[in-house]
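Subject: Structure for your files

Hello,

The structure is pasted in below. My notes on what was found follow it.

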Amino acid sequence: MQFPAGWENAKEIKYSQGFNKPAPRDFVGYGPLTEPESLAIYDFTLSHDFKLIISYHTQGQEIYWNFQNIYPPRGYEIGRRFASSSRYKLADVPYNSSFAGYKDWWIQTYNRPGYTIEAGIGENPLPLSQFDEIYKDNLGILVLGATL
């Protein structure tokens with residue numbers, strides 16, 4: 001959640017929720033791309049010509065496919081295929097989670113399909129007992145994503 005796609009909105013939302021310092025979740029940092037892992041993904045993406053991206057999070061068994069009012073060509077169609085190959089629901093991103101993500105930046109910058117897969121369900125960290133189910137639910141998504 002450190003990408004330059006509505007980062008100021010993400011900061012306002014998360015800071016108002018009390019996530020205003022480094023923590024295990026929901027801290028957006030002090031600015032976009034200030035953390036080495038975010039910068040590494042950003043630089044890696046800029047140096048490749050990806051057709052689509054898939055970002056993984058845990059929580060909710062949903063697939064997020066758009067960013068604000070940007071609907072990339074084939075984004076919904078591919079998202080429906082991902083949903084039908086898993087037990088996950090294709091969904092719009094909740095507003096409070098709709099900024100500064102890798103998928104958000106990707107869609108805003110490239111207008112190509114991008115997805116955040118919210119794998120598993122429950123309280124983080126998810127229990128290892130969900131691994132087999134998550135693997136089964138996501139194998140089709142990964143195979144489709146690699147072949148489209």
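**Largest pocket**

The lining of the largest pocket takes at least two residues from each of α2 (36-46), β1 (53-58), α4 (102-110) and β4. β1 gives the most, with four residues. Helices (H or I, at least four residues) and strands (E, at least two) are DSSP runs, numbered from the N terminus. The model is predicted: local features need pLDDT of at least 70 and side-chain atom pairs pLDDT 80 or more, while totals for chains, interfaces and linings use all residues. Residues are numbered from 1 along each chain as its sequence is written, and side-chain values use heavy atoms, leaving out hydrogens and water.

The largest pocket holds about 990 Å³ of space. It is lined by 32 residues, of which Met1, Arg25, Asp26, His57 and Glu118 are the closest to its centre. A pocket here is an open set of points on a 1 Å grid over the protein atoms alone, where a 1.4 Å probe fits, with protein on both sides within 12 Å along at least five of seven lines; lining residues have an atom within 4 Å of a point. A volume is the space filled by probe spheres set on the points, which are joined across faces, edges and corners.

Leucine 128 counts as exposed because its relative accessibility is 74%; glutamine 130, at 14%, counts as buried. Buried means under 20% relative accessible area and exposed over 50%, with partly exposed in between (1.4 Å probe, protein chains only). Glutamine 130 touches Gly120 and Ile121, leaving aside residues up to four places away in sequence; contact means heavy atoms within 4.5 Å.

Regards
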